[in-house]
Amino acid sequence: MKTIRDVRKWLTSLEQSIEDRILLKQLRDMQIITRNVERDLADLFAERNRLIAKIDELRKEIETLKNRQ
């Protein structure tokens with residue numbers, strides 16, 4: 001026969017297990033969000049570098065056109 005103390009311990013253990021699962025799920029969600037943010041930042045830097053290269057090309061083209069006139 002279980003005592004009240006045993007039941008209380010079991011309930012505490014069960015509660016801790018549920019809390020651990022919730023925290024683990026939250027941690028996984030945060031890791032996914034972090035990976036997505038890192039990917040988005042990498043994409044933004046790549047786009048930024050592409051735009052900077054394009055701006056440089058256009059400046060050179062403008063300079064070439066000015067020199068022709």
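A salt bridge (a side-chain nitrogen of Lys or Arg within 4 Å of a carboxyl oxygen of Asp or Glu) joins D29 to K25, with the closest N and O atoms 3.1 Å apart. The two residues are four positions apart in helix α1, so about one helical turn separates D29 from K25. Helices are DSSP runs of H or I with at least four residues, strands are runs of E with at least two, and both are numbered from the N terminus. D29 is partly exposed at 34% relative accessibility, and K25 is partly exposed at 49%. In this classification, buried means under 20% relative accessible area, exposed means over 50%, and partly exposed lies in between (1.4 Å probe, protein chains only).

The model is predicted: local features need pLDDT of at least 70, side-chain atom pairs count only at pLDDT 80 or more, and totals for chains, interfaces and linings use all residues. Residues are numbered from 1 along each chain as its sequence is written, and side-chain values use heavy atoms, with hydrogens and water left out.

The structure holds three salt bridges in total. In one of them, E47 pairs with R50, and the closest N and O atoms are 2.8 Å apart. Both E47 and R50 belong to helix α1, where they are three residues apart, about one turn of the helix. E47 has a relative accessibility of 34% and counts as partly exposed; R50, with a relative accessible area of 47%, is also partly exposed. Another salt bridge links D40 with R39, the closest N and O atoms lying 3.2 Å apart. D40 is partly exposed, at 37% relative accessible area, and R39 is partly exposed, at 45%.

The chain contains one helix and zero strands. Its radius of gyration is 30 Å, well over the 11 Å given by the globule rule for 69 residues, so the chain is more spread out than a compact globule. The radius is taken over C-alpha atoms, and the rule is 2.2 Å times the number of residues to the power 0.38. Along the principal axes, the C-alpha atoms fill a box of roughly 100 × 10 × 5 Å. Between R8 and I33, which are 25 residues apart in sequence, the C-alpha to C-alpha distance is 37 Å. R8 lies in helix α1 and is exposed, with a relative accessible area of 54%.

Buried residues account for 0% of the 69 residues in the chain. The accessible surface amounts to about 7,000 Å², and carbon and sulfur atoms contribute 59% of that area. Accessible areas come from the Shrake-Rupley method with a 1.4 Å probe; for residues, only the protein chains shown count as cover. V7, W10, L11, L14, I18 and I22 make a nonpolar surface patch of about 550 Å². Patches consist of residues with over 30% relative accessible area and no salt bridge; like charges are joined within 9 Å, and nonpolar side chains (Val, Leu, Ile, Met, Phe, Trp, Tyr) within 5 Å. Within this patch, I18 is placed in helix α1, which covers residues 4–68. I18 is partly exposed, with a relative accessible area of 42%.

The chain carries 16 positive and 13 negative side chains, and the centres of the two sets are 3 Å apart. Lys and Arg count as positive and Asp and Glu as negative, while His and the chain ends are not counted. Each charge is placed at NZ of Lys, CZ of Arg, CG of Asp or CD of Glu.
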